[in-house]
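Please examine the structure shown below together with its sequence. The paragraphs that follow lead through its helix packing and then through several individual residues.

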Amino acid sequence: MLKLWLIRHGMTEGNCHQRYIGVTDEPLCEEGRNLLSNVTYPRAQALFVSPLRRCRETARILFGDQEQRVIEFLAECDFGEFENKNYKELADNPHYQEWIDSNGTLPFPGGESREGFKSRNLRGFDRVVSGCIRSHVVEAALVIHGGTIMNIMEEYADIQKPFYEWHVRNGGGYEVELDENLWKNGRKQLRVNSAIMEG
């Protein structure tokens with residue numbers, strides 16, 4: 001069995017103000033760093049991260065100087081014209097209202113579609129799992145984004161829940177396991193062991 005910890009990065013200034021932070025490459029805020037400094041995770045054999053600074057910084061706090069393997073496909077969604085804004089700042093934007101009315105199914109104007117974002121994240125996750133299986137890694141940690149975790153869990157978790165119900169707070173996530181042989185044979189499923197530290 002391959003055990004994985006899917007961990008959302010710590011809090012950033014944009015998170016504090018409920019902004020859509022996707023491609024904006026901001027660091028953790030002081031509060032985010034302080035919250036993470038009180039958390040201990042098991043030391044995994046392999047550590048995978050999104051290329052964005054908030055994930056790399058979180059991984060450094062949680063796992064020290066362990067080698068970080070950057071997986072570009074695991075980055076957060078590009079929110080297009082909503083990027084780095086919150087719902088108050090977007091209140092008069094007609095594109096935002098259209099997106100809300102679609103229940104979040106429309107592509108982000110000037111950004112990614114929901115389908116494109118999910119497809120990219122799942123390619124990145126498959127790359128991680130395949131690499132772990134090839135290298136006989138049995139425990140790995142992924143320090144990634146809320147949206148990335150939600151995409152992975154919606155697609156593969158053995159508990160059926162829609163995308164938004166897999167939301168985790170900063171620093172939170174899930175411990176999951178998969179059977180390598182079943183995965184290699186196309187039966188891709190994650191057994192959800194537990195939710196982990198909730199930020």
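In this predicted model, a contact between two helices is formed by Arg114, Phe117, Lys118, Asn121, Leu122, Phe125 and Asp126 of H5 together with Gly147, Thr148, Asn151, Ile152, Glu154, Glu155 and Tyr156 of H6. By residue class, the contact of H5 with H6 comprises five nonpolar, four polar and five charged residues. The axes of H5 and H6 are 9 Å apart, and the two helices pack at an angle of about 80°. Because angles of 65 to 115 degrees count as roughly perpendicular, H5 is roughly perpendicular to H6.

Helix H6 spans residues 146-156 and is mostly covered, with nine of its eleven residues buried. Those buried residues are Gly146, Gly147, Thr148, Ile149, Met150, Asn151, Ile152, Met153 and Tyr156. H5 is one of the elements that cover them.

Helix H2 (residues 30-37) and helix H3 (residues 53-63) have axes that come within 9 Å and cross at roughly 30°. Since angles under 35 degrees count as roughly parallel, H2 and H3 are roughly parallel to each other. The crossing in which H2 passes H3 is right-handed. On the H2 side, the contact is made by Arg33, Leu36 and Ser37, and on the H3 side by Glu57, Thr58, Ile61 and Leu62. The residues of this contact of H2 with H3 divide into three nonpolar, two polar and two charged. As a general point, an α-helix has 3.6 residues a turn, so residues three or four places apart point the same way.

How does Glu57 interact with the side chain of Arg33? The side chains of Glu57 and Arg33 make a polar contact at 2.6 Å. Glu57 is found in helix H3, and its relative accessible area is 9%. Because buried means under 20% relative accessible area, Glu57 is buried. Leaving aside residues up to four places away in sequence, Glu57 touches Pro27, Leu28 and Arg33.

Ser102 lies in the loop between helix H4 (94-101) and helix H5 (114-134). Is Ser102 buried or exposed? With a relative accessible area of 16%, Ser102 is buried. A polar atom of the Ser102 side chain lies 3.1 Å from the backbone nitrogen of Leu106.

Gln18 has a positive phi of about 55°, although it is not a glycine. Gln18 is found in the loop between helix H1 (13-16) and H2, and at 53% relative accessibility it counts as exposed. Asn84, likewise not a glycine, has a positive phi of about 65°. The loop between strand S3 (69-70) and H4 is the place of Asn84. With a relative accessible area of 34%, Asn84 is partly exposed.

Definitions and conventions: Residues are numbered from 1 along each chain as its sequence is written. This is a predicted model: local features need pLDDT of at least 70, side-chain atom pairs count only at pLDDT 80 or more; totals for chains, interfaces and linings use all residues. Side-chain values use heavy atoms; hydrogens and water are left out. Helices (H or I, at least four residues) and strands (E, at least two) are DSSP runs, numbered from the N terminus. Buried means under 20% relative accessible area, exposed over 50%, partly exposed in between (1.4 Å probe, protein chains only). A polar contact is a pair of N or O atoms within 3.5 Å; within protein, one must be able to donate a hydrogen and the other to accept it, and residues adjacent in sequence count only if both atoms are side-chain atoms. Axes are lines fitted to C-alpha atoms, for helices over the stretch in contact, and angles run from 0 to 180 degrees between N-to-C directions. Angles under 35 degrees count as roughly parallel, over 145 as roughly antiparallel, 65 to 115 as roughly perpendicular and the rest as oblique. A crossing is left-handed if the near helix is turned anticlockwise from the far one by less than a right angle, and right-handed if clockwise. Contact means heavy atoms within 4.5 Å. Ala, Val, Leu, Ile, Met, Phe, Trp, Tyr, Cys and Pro count as nonpolar, Asp, Glu, Lys and Arg as charged, and the others, Gly among them, as polar.
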